[in-house]
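Please read through the following structure step by step. The explanation starts with where the chains meet and then turns to the fold.

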Amino acid sequence: MHPARLGSSKTRVSEAQDVDFLTLAEAGRRIHEGSLSPTELVEALIDRARRLDPVLRSTITLAADSAFAGASAAGVAIGRGRWSGPLHGVPLGIKDSIATAGLRTTANSRVLEHWVPDEDAPVVAALRAAGAIVLSKLNLNEFAWAIPSEHDLHPPPRNPWSLSHVAMGSSSGSAVAVASGLCPAALGTDSGGSVRQPAANCGVVGLKPTHGLIDAGGALGAPTMTEVGPIARTVEDCALLLTGMSPTGMQYAGDLDRLPSGTRIGVPRRQIELVEVDREIRAGFDAALNTLRDLGMEIVEIEVAGMADAAVADFVALSAETFAAHELSLRTRMRDYGRSARLYQSQGAFLSAADYIAALRVGDVVRERVDRALSTVDVLATPVVTVLTAEAARAAKAQPHTGGAAVFTAPFNLTGHPALSVPCGFSNERLPIGLQLVGRAGGESELLGVAHAYEQATNWHSMHPPLDADSATWGHPTG
Amino acid sequence: MAQALELPLEDEDLERLAPMVDDLTGEARRLRRYAPGAIGQLEDPGE
């Protein structure tokens, strides 16, 4: 289907769309109270995906049969009084580099085109145990590190806010599916910004948790800096998903409204000024700081020297670990990697052990500096990306080794601090812009609380892309 | 160097890979000068 036909297609909407854009929290509440069945919700989302995804290209595998089976079982269990919590019966999307038992997991690579894992990744198992249903496996840049192309196993997802642009990656399918109402929430992975950047680019919320908080086993990626993170349409939904993902039993959604008075937001202004940032992104960031100030928070300029070098170091260490993971496969199946992916996964072969260790040590130094900064403020704030589109990111810096568009996100992969992107506006071209907030290690509750307060003071999260004929007015707030 | 590593890359791949590797290794070596604990370390990580 040609993108131009999407907005004019005849569709059945209204009631169905109300269900399509339910937040995870609201869907869970309605399922619990019995006004919505898991099967009805799954059916509506599958119908929507079949209608819209030929253009959006966010989904690699739509797990209709197993999702209906899971929904039916959830409905029966809840009907018998065995409700297991706010995720029970709620369908989710999973990035296709995260293992799902009995469900094809391709990483969008011909290398894994037919791989069906025997076991779930621990984070998927945890969500299933909480009652969630795996609805779909979502598109991504090949092996979460490559420049996407039309020749990929699955060509790149389009940005639902502007179908002439592809979405930023690598968790592009997760962000597109959530923003487009194909699932209430999804999982992505983030090694340098791959949850936060697509979330910002698609107008949804994305969280990279503290290193080690969430078991990233079974998620293909470099172990030092890859985190599995939630992508959702609200901060509360991210908190609910994080609760289900976490083995600690921490209830992240319960404390969202308890923001302590005197919250201090640290802005590494000098480090931001050193980077070339799109004018509209800079304006959106400054406006977001004004909103935080209006909420009674104190905005404090701070120093975090070495952020740009930490971004470089993240990509050096990522390159080394990626090659270590792919070496055997590259030697035997090089031609099954895409033209870009084979280079990205190979380049770490040319690094020395000393390069790798130095990169990790730079991370140690900057981690201490971020910790020091966060002993004087509660949260750091920066832009998420430097440019508005995936294409601009590619043109501005073909290679990400100097941080490129990831200069604000990648440092916190190496330091391990939790960081999220929350929508903070739109460009003149109606492309979403995100605000990055960074918290103390293990400080997800506080971080989510600040983001929730900001979100509730704005209406960006209530905007949906104009994909349906009945909502063709841009930015029509559908609640 | 790719041949020395016995990576089955074709000439076209090597041509595209070379500038990526130059960039990556150049940045990695710059960081090595700053690595804390390195003998002869001169400077802190930059801005």
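How much area do chain B and chain A bury between them? They bury about 3,200 Å², with 64% of it on carbon and sulfur atoms; buried area is the accessible area (1.4 Å probe) that two parts lose on being put together, summed over both. This is a predicted model, in which local features need pLDDT of at least 70 and side-chain atom pairs count only at pLDDT 80 or more, while totals for chains, interfaces and linings use all residues. Residues are numbered from 1 along each chain as its sequence is written, chains are lettered from A and ligands numbered from 1 in the order in which they are written, and side-chain values use heavy atoms, with hydrogens and water left out.

At the interface, 32 residues of chain B are in contact (heavy atoms within 4.5 Å) with 42 residues of chain A. The rule finds 7 salt bridges across this interface, a salt bridge being a side-chain nitrogen of Lys or Arg within 4 Å of a carboxyl oxygen of Asp or Glu. The side of chain B that touches chain A has 17 nonpolar, 3 polar and 12 charged residues. Here Ala, Val, Leu, Ile, Met, Phe, Trp, Tyr, Cys and Pro count as nonpolar, Asp, Glu, Lys and Arg as charged, and the others, Gly among them, as polar.

Side chains of opposite charge can pair when their charged atoms come close. One salt bridge is between A:Asp309 and B:Arg30, with the closest N and O atoms 2.8 Å apart. A:Asp309 lies in helix α12 (residues 307-333) of chain A and B:Arg30 in helix α1 (residues 11-34) of chain B, so the pair joins two chains. Helices (H or I, at least four residues) and strands (E, at least two) are DSSP runs, numbered from the N terminus.

Next comes the sheet. In chain A, 11 strands form an open sheet with mixed pairing, in the order β1-β3-β2-β6-β8-β7-β12-β13-β11-β9-β10; two strands pair if DSSP finds at least two bridges between them. Its edge strands, β1 (59-62) and β10 (298-301) of chain A, each pair on one side only. Within the sheet, β6 (residues 185-190) and β8 (residues 227-232) of chain A run antiparallel and are joined by 6 bridges. A:Gly188 has A:Gly229 in β8(A) as its bridge partner.

Two local details remain. Most residues other than glycine have a negative phi, and most peptide bonds are trans. The peptide bond from A:Gly169 to A:Ser170 is cis, with omega near 5°. A:Phe143 has a positive phi, near 50°.
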